[in-house]
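Biologist: Could you take me through this model, beginning with the terms you rely on?

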Amino acid sequence: MSSEVLSAYASIQRRIQAAALAAGRPADAVALVAVSKLQPWDHIAPVLDAGQRVFGENRVQEAMGRWSERRSEVELRLIGPLQSNKARDAVAFFDVIESLDREKLAHVLADEIQALGRAPRLFVQVNTGLEPQKAGVVPGEADGFIALCRGLDLPVEGLMCIPPAEGDPAPHFRLLAKIAARNGLARLSMGMSDDFETAIACGATSVRVGSALFGSRA
C-alpha cells in the first residue's frame, strides 16, 4: 500500500504545482492538507515520512488519539464540524480550526482562547450552496459574522467552503474568494479530491485531499 500512496502523493503534488502555475501563481502557493480522518496509520505513515506536514482531521477525539505522540511533527487542521463542548480540546490541540460557522461557537472559542492563552488560526466556513444539511454561514451573513469574530479578537485568517456535490464548483469558489477579498482575508481553504485544480484556479491557498491520496476510507 505504501507505494500506491506515495505514487498518489507525488502525482497530487505535481498537479497542485501545475494548477498554480497555470493560474499565474507560484508553484508553492497552495498547501496540500492531507485528509487523514478515518485512515489507518499504514496509509498515513508513508506520506508523513515523505515530508507531508499538514493534515486535516474531522473529529477532535480521533485526532488526539492519532496524533498526540507525534504532535510536534505536524500542523493539524480541524476541518469537520466543531461542537461547542469540544471547543476547549480543539483550541488546545489544533493549529487551525477551519469550521467556525456560528455565533455561539465564536463566543465559546473566544472564551477558551482567553482561558488557555493559546489561539489556533481560524477559518470561517461559508455555506455557499445554501444547503440545509451543511454547516456554514450563509453568504449574505458572512460579512457580519466576520466582523463579529473580529470584535471578539478571534484570529480569523480565511474562509472555507464545501460546494454542493452536484454541479460546477467554480461559482462557489469564486463567491468565497469574493467574500474573502472584500473582508481582507488572505486564505482560502477550498477544493477537495475531485475539484482541487478548479479551486486553485479560483484562488485557493490550501486544498483538502483525502480519497485521491489515500484511497477510499477504511
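Modeller: Two strands count as paired if DSSP finds at least two bridges between them. Helices (H or I, at least four residues) and strands (E, at least two) are DSSP runs, numbered from the N terminus. The model is predicted, with local features needing pLDDT of at least 70 and side-chain atom pairs counting only at pLDDT 80 or more, while totals for chains, interfaces and linings use all residues. Residues are numbered from 1 along each chain as its sequence is written, and side-chain values use heavy atoms, without hydrogens and water.

Biologist: How many bridges join strand β4 to β5?

Modeller: Three, and strand β4 (residues 96-100) and β5 run parallel. Within β5, V124 is the bridge partner of L100.

Biologist: And which residue in β6 is the bridge partner of V124?

Modeller: That is L159. Strand β6 (residues 156-160) pairs with β5 in the parallel sense over four bridges.

Biologist: Is β5 mostly covered or uncovered?

Modeller: Mostly covered: four of the five residues in β5 (residues 121-125) are buried, meaning under 20% relative accessible area with a 1.4 Å probe, protein chains only.

Biologist: What do β4, helix α5 and β5 make?

Modeller: With helix α5 (residues 103-116), β4 and β5 make a right-handed β-α-β unit. Right-handed means that, with the strands pointing away from the viewer, the path from the first strand over the helix to the second runs clockwise. Another right-handed β-α-β unit consists of β5, helix α6 (residues 139-151) and β6.

Note on methods: Buried means under 20% relative accessible area, exposed over 50%, partly exposed in between (1.4 Å probe, protein chains only).
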